Amino acid sequence: MLAVGRALMSNPKIILMDEPSMGLSPLLVKEIFHIIQEVHKQGITVLLVEQNAKMALSIADRAYVLETGHISMSGDAAELLNDENVKKAYLGL
């Protein structure tokens, strides 16, 4: 949370977040994703690298799936959230 606050103090146009939910309790994960959505609503582009695919895809506009360093899928986040291959491989559904 402190890192996000410090980054926002410089009025950035873009902010990169690498695994912001790692090691957090489920309650704090919800809070950090809420903050990410609020940052985006303020007009700041957010580039999010996240293993919590379900949460990330639920708030993203666009998504890229990386496999061994290569983009294997990309597109509208809502479409990828509902893609059967993504569900099986990353969402446990």
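Q: Which side chain of opposite charge is nearest to Glu 19, and how many Å away is it?
A: In this predicted model, Glu 19 is buried yet has no salt bridge. A salt bridge would need a side-chain nitrogen of Lys or Arg within 4 Å of a carboxyl oxygen of Asp or Glu. For Glu 19, the nearest side chain of opposite charge is 17 Å away, and it belongs to Lys 54.

Q: Where is Glu 19 found, and which residues does it touch beyond four places away in sequence?
A: Glu 19 lies in the loop that runs between strand 1 (14–18) and helix 2 (26–41). When residues up to four places away in sequence are not counted, Glu 19 touches Val 49, Glu 50 and Gln 51.

Q: Is Ile 36 buried or exposed, and at what relative accessibility?
A: Ile 36 has its place in helix 2. Buried means under 20% relative accessible area, and Ile 36 therefore counts as buried, at a relative accessibility of 4%.

Q: Which residues are in contact with Ile 36, leaving aside its neighbours within four places in sequence?
A: The C-alpha atoms of Ile 36 and Ala 56, which are 20 residues apart along the chain, are separated by 9.9 Å. With neighbours within four places left aside, the residues in contact with Ile 36 are Met 17, Pro 20, Val 46, Leu 48 and Ile 59.

Q: Which residue takes a positive phi in the hairpin of strand 3 and strand 4?
A: Strand 3 (residues 62–67) and strand 4 (residues 70–76) pair in the antiparallel sense over six bridges, with Arg 62 standing opposite Asp 76. The hairpin has two residues between the strands, and the residue with a positive phi, near 45°, is Thr 68.

How values were computed. Residues are numbered from 1 along each chain as its sequence is written. This is a predicted model: local features need pLDDT of at least 70, side-chain atom pairs count only at pLDDT 80 or more; totals for chains, interfaces and linings use all residues. Side-chain values use heavy atoms; hydrogens and water are left out. Buried means under 20% relative accessible area, exposed over 50%, partly exposed in between (1.4 Å probe, protein chains only). Lys and Arg count as positive and Asp and Glu as negative; His and the chain ends are not counted. Contact means heavy atoms within 4.5 Å. Two strands pair if DSSP finds at least two bridges between them.
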